[in-house]
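User: I'd like to learn how to read sheets and helix packing in a model like this one. Can you walk me through it?

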2 protein chains.
Amino acid sequence: MDIKNKIEAANKDALERMAKIQPILVDIELEAMNVIPAMDEKTILHAGPPLEWDRMCGPLKGAIAGILVYEGLTTDIEEGYKMAASGEIQFDCNHDHDAVGPMTGVTAPHQPVFVLEDKETRKKSYCTINEGRGKVLRFGGWGPEVLERLQWMKSVLAPALKKAIAHAKGIDIKAIISESLHMGDEAHNRNRSGTYLFMSEITPHLMETVDISIAKEIFTFMKENADIFNLNLSMPHSKLIADAARDIDYCSLVVAMARNGTDIGIQVSTLSREWFNAPATMVDGLYFPGFSEKDACPDLGDSTISEVVGIGGFSMAASPAIVSFVGGSAAEAVSRTERMYEITAGKSRTFSIPSLNFRGAPTGIDIRKVVELNEPPLINTGIAHKEAGIGQIGAGLTSAPLDMFQDALRAFGKKYL
Amino acid sequence: MDIKNKIEAANKDALERMAKIQPILVDIELEAMNVIPAMDEKTILHAGPPLEWDRMCGPLKGAIAGILVYEGLTTDIEEGYKMAASGEIQFDCNHDHDAVGPMTGVTAPHQPVFVLEDKETRKKSYCTINEGRGKVLRFGGWGPEVLERLQWMKSVLAPALKKAIAHAKGIDIKAIISESLHMGDEAHNRNRSGTYLFMSEITPHLMETVDISIAKEIFTFMKENADIFNLNLSMPHSKLIADAARDIDYCSLVVAMARNGTDIGIQVSTLSREWFNAPATMVDGLYFPGFSEKDACPDLGDSTISEVVGIGGFSMAASPAIVSFVGGSAAEAVSRTERMYEITAGKSRTFSIPSLNFRGAPTGIDIRKVVELNEPPLINTGIAHKEAGIGQIGAGLTSAPLDMFQDALRAFGKKYL
């Protein structure tokens, strides 16, 4: 078998393994450090490829300084900045700890996390619970209301959902995501139907397991954040699927793509944990009133794990309504999806797009095709203010830089040629 | 002003009046006869234009015989048939009593009904609560489980929802329907997102007003019937909007279109309560396993009130996923919507279609255009078995016969020329 055939076979195998994964929400763990591998009380995880404190963008620094207050390691945000810069805290990226997080993606030892598991392989993935819109930590927002919300999530929301998830004996997140694509979501920046589907699954169990006033409080929180709540289930779901394609000999598919506001990076199946990075791009977007591109932080977050498995920007044809949020026209949304078939290894058996007659979503970014066709993966995403403490200022479209695919392909060639 | 200008002005006025209507779910009345005009203990309302017992189709006869048992007017279904045939019961069509009903559309004096109201005009519309899928009265299904479900709906479901609706101080159904069109519904044969949106609105109030075990039972009933539950809110919502266009001098727009399984009929604004009928058509559809066209009853139900206001078959472009239920391709769904712009008076300000860049739905069927262009209104719909007691056997597409539009246009001409 020549090398080309070996690569094709490996990529086909990868798609098979991805299709077989069934991400089930099996638990909420109240202390991330109890379940996330290699995490101790002084470890803070973040989105994107790893980077040192000095190179971090404003929102990421702010989110870290804030979460140190939440963790009780310091008493105010200024002290948080000092502690973070002191070398006392160990930083690492979510992706290398089986985790993902939207925007700054900060994951701290004492935060509650969703635990997703594939029943067959018993592999797991982790993600914090979405805080909703407004001033929120994941965009580097900080203030008493941010801390209060995080504390409510830890003491009220997470324990109640934990009980309900146990009573439900798990919730099938893949079923929710695939159905949500038939209901106008693309499951990255539009998650409304996914949230309603999750609410429809969890609520009867909430009613069985917690006090009615708590059930009502939680139901209302999910409803008010319907646009975004399910993102933090969609992401670890995609992470678990993408991880199934890791470490396959000859496999040229991307298994992680993530941004930290400074760098964007990819990992490739056969190239193990090596990151291939490029400067994070600016997002071409629609801004909330009072903000413009000059206020924007470069692209940020682990949420591009969606695109890695064929949803998000790759399934925009399923979500014409999203153009009112990220910009563009309905026809462009369709043509964006169509272009992504050019650079992917196959069509998803799991995710299908009604407006393309239920064609499977374009799945498995092949670094060879990206480089050969000069066709970068397309991303849609939220936009953070470049300074800490402000939060989201818009949403829009961008594409992954070609450089990092060229670097990865070079390393791939070096390994096999 | 010549007559053509008078008609154009009247039709424009009609669209304005329709756009202003805000259908709010204000109550559930436990006894239909307490609120539906001109209804007594011996009145049974049904879908479509009026017709006498002998001409009724199998499912409608079966539903009537069944509901007489539910009403306590007789003890078994055979006696129900005899009583219905005896002349003792008065039949009339829903539309002439401010009501609508899906399929057979049977509405009986002691059934609970949703009450929708427009706050400005104080006009009201009524509809029974959807029974869900399987063997159900509205398709002429009968048996102990049908009766039991109807009794549970009367004694448990309706009183609980009534309390929750009162606690919510009403639920804005137009907001739900217009959002559901951005979430893959067309709000006639696909109502899943609409149901989830309704659940998200009502559940916090259910939790406040009824016992938790009842709240859970009702939540689960709505969830299990998500595909269809919201239809019985979408329909009276559309009825209230369409009724706003009634009785406008020179207005050539359709204000009701409905089928009883024997006839299909329309009412036209300036022609008041006169029905223009044609034989009900057969539906070209996808059949459930074990059934085929030879089992099918001709087209049935008041649900084409959806098409009258621009949703349903007229907004199929918003709902590519529906083709898996009613047949056709995603491209055909788009072209069906595009054809409907030809025969309508304008674009809806309320309902918009994301895949057409949020173009307003084609609204206000103009009998002049239908006849001139030989372009019949397109309908998508469920298919009932032609015999009573069996229920739904499929779903599909049909178009309204041109004859009745020609007849209506002739009457229109006679009035003004």
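User: Let's take the sheet in chain A. What is the order of its strands, and is the pairing parallel or antiparallel?

Analyst: In general, strands of a sheet pair through backbone hydrogen bonds, in either a parallel or an antiparallel way. Keep in mind that this is a predicted model. Here four strands of chain A make an open sheet, ordered E5-E4-E1-E6, with antiparallel pairing. Strand E5 (124-128) and strand E6 (171-172) of chain A sit at the edges, each pairing on one side only.

User: How many bridges join E4(A) and E5(A)?

Analyst: Five bridges, with strand E4 (residues 113-118) of chain A running antiparallel to E5(A).

User: Now chain B. At what angle do H5(B) and H9(B) pack?

Analyst: Two packed helices are described by the angle between their axes and the distance between those axes. Helix H5 (residues 173-180) and helix H9 (residues 231-243) of chain B pack at about 110 degrees, with axes 10 Å apart. The two, H5(B) and H9(B), are therefore roughly perpendicular to each other. Their crossing is left-handed.

User: Which residues of H5(B) and H9(B) meet there?

Analyst: From H5(B), Ile173(B), Lys174(B) and Ile177(B); from H9(B), Leu233(B), Ser234(B) and His237(B). Sorted by class, that contact has three nonpolar residues, two polar and one charged.

Notes:
Residues are numbered from 1 along each chain as its sequence is written. Chains are lettered from A and ligands numbered from 1 in the order in which they are written. This is a predicted model: local features need pLDDT of at least 70, side-chain atom pairs count only at pLDDT 80 or more; totals for chains, interfaces and linings use all residues. Two strands pair if DSSP finds at least two bridges between them. Axes are lines fitted to C-alpha atoms, for helices over the stretch in contact, and angles run from 0 to 180 degrees between N-to-C directions. Angles under 35 degrees count as roughly parallel, over 145 as roughly antiparallel, 65 to 115 as roughly perpendicular and the rest as oblique. A crossing is left-handed if the near helix is turned anticlockwise from the far one by less than a right angle, and right-handed if clockwise. Two residues are in contact if their C-beta atoms, placed from the backbone, lie within 7 Å. Ala, Val, Leu, Ile, Met, Phe, Trp, Tyr, Cys and Pro count as nonpolar, Asp, Glu, Lys and Arg as charged, and the others, Gly among them, as polar.
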